[in-house]
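Biologist: Hi, could you walk me through this one? I'd like to go through it piece by piece.

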Amino acid sequence: MIPVLLICIPLFTGIIACFLPNAKTAKSWALLASIATLAVSLLSIGLQKSSSQLMFDASWLPLLGSRFTVSLDGMGTMITLLTAISFPVIFVGTYQNSYQKPGAFYGLMLLSQAGLMGVFCAADLLLFYFFWELALIPVYFLCSIWGGEKRIAVTFKFFIYTFAGSLLMLLGILYVYMQSPSHSFAAANVTNIIWAEGSQNSVFWLFFIAFAIKMPIFPFHTWQPDTYEQAPTAVTMVLSAVMVKMGIFSVIRWLLPMFPDASAHFSHLVILLCVIGMVYASLIAIKQDDVKRLIAYSSIAHIGLMGAAMFTANASAIQGVMFQMFAHGINVIGLWIVADVIEKQTGTRKFSELGGLAQTSPSLAILLVIMALANIALPLTNAFIGEFLMFSGLFTYNVWLATAALVSIILAAVYTLWMVQKVLYGENKDVATLTVKLPVGTRLMLIVLVVVIFAFGVFPQPMINLTTGMVSSITAQIK
Amino acid sequence: MNTIILSAILGVVMMLSSTFINDKAAFKYIASIGLALLFVFNIAESYGFEIFTINTRQLLHFTKFGLLFNSICILATLLFTMLSGRDIEAVGSYVAEYFALIFFVLCGVGIVTSYTSLLMLFIGIEIISIPVYILTGSDKRNLKGNEAALKYFLMGAFSTGILLMGIALLYGTNGNFNIIRVSRDIQPLSYLEALGLVMLFVALSFKVSAAPFHFWTPDVYDGAPTVFTSFMATIVKVAGFAAFIRLFESRYGNMGGQTDRLIGLVIVLTLAFGNLTAVFQQSVKRMLAYSSIAQAGFMLFAVFALNDVAKEGLILYAASYSLATIGIFAVLVKMKDYSFEGFNGFAQSQPLLAGVLVVCLLSLAGIPLTGGFFAKYYMLSAAIKVGNVGLLVVLAVIFAAVSVYYYFRLIQAMYFKEGTVNFPAVSTSFKILMVMAAAAIIILGVFPYTLLQYLYF
């Protein structure tokens, strides 16, 4: 029942929220709804042992062989927990922001959460495709209505890009369906097809392109910086913290188990693309003059590492990816919240116009530095655990590729510290306007995030225990 | 049989009613009642109730598929009449006659969904076409409409000639008009037979506006009174596909790959022409004309695949495409400005109708949760089931992605751009009907079997 609740609470509260006229009611309604979802999600951790609660199965399209099957395994619990945490944090962290038509804004936010939950819970390939598309539609409207100046064209590019990818995936799904002996979309069925030698290869790409666009992996990343920049910050947080994880999650949940041979066959190429993307995005990040764009490129680099680690077929690397999915989501929300506060209060997010904020706003400075250090995966922060595991796996796969990937970690330190330096230190160009006062809610949420960052940086074991079963089943399937 | 005879009778009734009734507004209600009656009797026939028992001497054969197809066409016409009845009254002074012509078209639909003889195919196609020629030119003061009607008539007459020639060649080789397959094995075609079949294919392609026989479509759809464009682009078009699939599922179907290449080529051309040209349109009406060509490309997959999945898909496609297109046209008719800019700010002034239009457009684009998704899904899976179609389906989905561009332009205009819309006040019943249409599209998109079960009861 738990996965159904995770989907239905945001779905129905979202529909109701669309009709709330008042900004205040809409905000509190959305916050309450997202806290309810979080409560259910926390409950699912406690219920890990009783699998009947974590699974729901109902007849949907009997003649097509598709059922409404949703379930939560360790990885699903982890990623739905991330989704459930993100939304209240985002709502509180951006509480002071005001939107035109607030009811519609918060309604669409909740609907996108419903779509995301569906993607992470679906255990039926066709159902998965449904949710995959449905998560996109609310985000399209959110970015196009409330985004920045160039929002319409940018969001449209994003939409067509991802839609083209998902149509290719639809073809892949149909092909897999035709190949499956019992003609059903159930996860257990599509991952157990006996393929003829080499016949996986073309279908692999149909799926991979869809996932690679979503992540995004070089060279499919061009929609991402523009969209992150133009989208309203609350939506950017959803996009970068949770939505890009759809791609990574789906590779582990569907692509690797369905096409183990093709994944191994193309792993060199995919990892090479990921590593190129990491170095390339890091180099571009150094050149950025805009906080949002810098975080966007830094995000591409982080995702690139996860993409590379997934395809090593190494248990510790895949464990690292699972851990890092969660860690990156938490850290990037923190960065976005800080960036949003700075932009809202100083009116700019350009490094050339910022500076000296450490003198005027010391608490902001402390929080930003912690977020920045988590972004470059310093020990004691949660990202360190994930990156360490991923790199150890990557090294056993290929030393040269791992070394190239390490370059991007050094570059990450360069651009992140550069950002800290330019925003917090240096000359304060105009002391009167350049002060940032953290609103209570924002401050609270940043502190919560900092606690989470350190907690998982020091005690990673609970999270690893949660996902370790999934890791061993994946690695067993690949080998 | 019920549909064919009853719709002919109702057509005559409509025609004569104008002598007794002077109130223009009354015809809409008479027609709606007539259509509802027609629908009931068509359903009754699929349960075995026939008013007229006529020995058709193997000219007609009624199947579940054909009757379900009739039901969809009749229901779509009913929706069209109830939504746009007012606008039909605005076209000209012969309102009763317009409705009579619509009933005659339905009579033709009844024939093309059930023919087993090429003669009946010819008669059915002509019964559909001739009223449509007249409806195209019904606004006599409009020069563009006159041009469109003449163009359509001349081109249509030409394609009728080709159809007839094809039938003659098939008759010449077989000695009869019958299309029922005699033996299960595939026989090689003789040259004359192949030529005849190609001619039939060309003529029917013309009727459903498949490329490269689509050139009349934009001009005719654009020139005709907008209400009748809605009717032509939906009911008339999907009826053409019913004729198509009946012909090719008969003895002339599945010619062991002899026809695959030809149909595949036509599909790709149709998708390419329709989608790529629609991208550049400035008028929503013309965009919908090209979009109807593009959608025809997808429907042709049914003719390509010719399996059970394809037939189910065609039913779904006919229903969801008709609902969505009629919905969009019902709003478009009432607009003063047909350009995309004319819709700027539409969501502000008409939030409910804008929401319905979004559902319709998402359905045409084939986004999940709408009927259009399953329609495309079935078409693609029918094609993949045939096998060896990698390039064809990949091209098809790429063009489907292109189609998002022009459908979403309308959403962008309505929601993301500022402007004032000159839209007349509409009645509550209009809004309720529109919401019902949107609800039907969504139901088809979640539970397609609510419709498809009628193929198998």
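Biologist: Leaving aside neighbours within four places in sequence, which residues is A:Val321 in contact with?

Modeller: A:Val321 is in contact with A:Ile248, A:Ile252, A:Met306, A:Ala309, A:Met310 and A:Met390. Two residues are in contact if their C-beta atoms, placed from the backbone, lie within 7 Å. This is a predicted model, where local features need pLDDT of at least 70, side-chain atom pairs count only at pLDDT 80 or more, and totals for chains, interfaces and linings use all residues. Residues are numbered from 1 along each chain as its sequence is written, while chains are lettered from A and ligands numbered from 1 in the order in which they are written.

Biologist: Which residues touch the most other members of the largest nonpolar core?

Modeller: A:Val321 again, along with B:Leu300, B:Phe301, B:Ala302 and B:Ala383, in a core of 375 residues. A nonpolar core is a set of buried Ala, Val, Leu, Ile, Met, Phe, Trp, Tyr and Cys residues joined through C-beta atoms within 7 Å. Buried means that 20 or more other C-beta atoms lie within 10 Å of the residue's own, exposed means 12 or fewer, and partly exposed is in between.

Biologist: Switching to the interface, how many residues of each chain are in contact?

Modeller: There are 21 residues of chain A in contact with 20 of chain B. On the chain A side, helices H5 (125-134), H6 (136-146) and H7 (151-179) each supply at least two residues, and the largest share, 12 residues, comes from H7(A). Helices here are DSSP runs of H or I with at least four residues, strands are E runs of at least two, and both are numbered from the N terminus.

Biologist: And what are the scores?

Modeller: The model has ipTM 0.89 and pTM 0.92.

Biologist: How many helices and strands are in chain B?

Modeller: Chain B has 18 helices and zero strands. Buried residues make up 56% of its 457 residues, and its C-alpha trace spans about 65 × 55 × 45 Å along the principal axes.

Biologist: Let's look at H2(B). Which of its residues are buried?

Modeller: B:Phe27, B:Ala31, B:Gly34, B:Leu35, B:Leu38, B:Asn42 and B:Glu45 are the buried ones. Their cover includes helices H1 (2-20), H3 (64-91) and H4 (95-112) of chain B.

Biologist: What follows H2(B)?

Modeller: B:Gly48 follows H2(B), and its phi is positive, near 95°.
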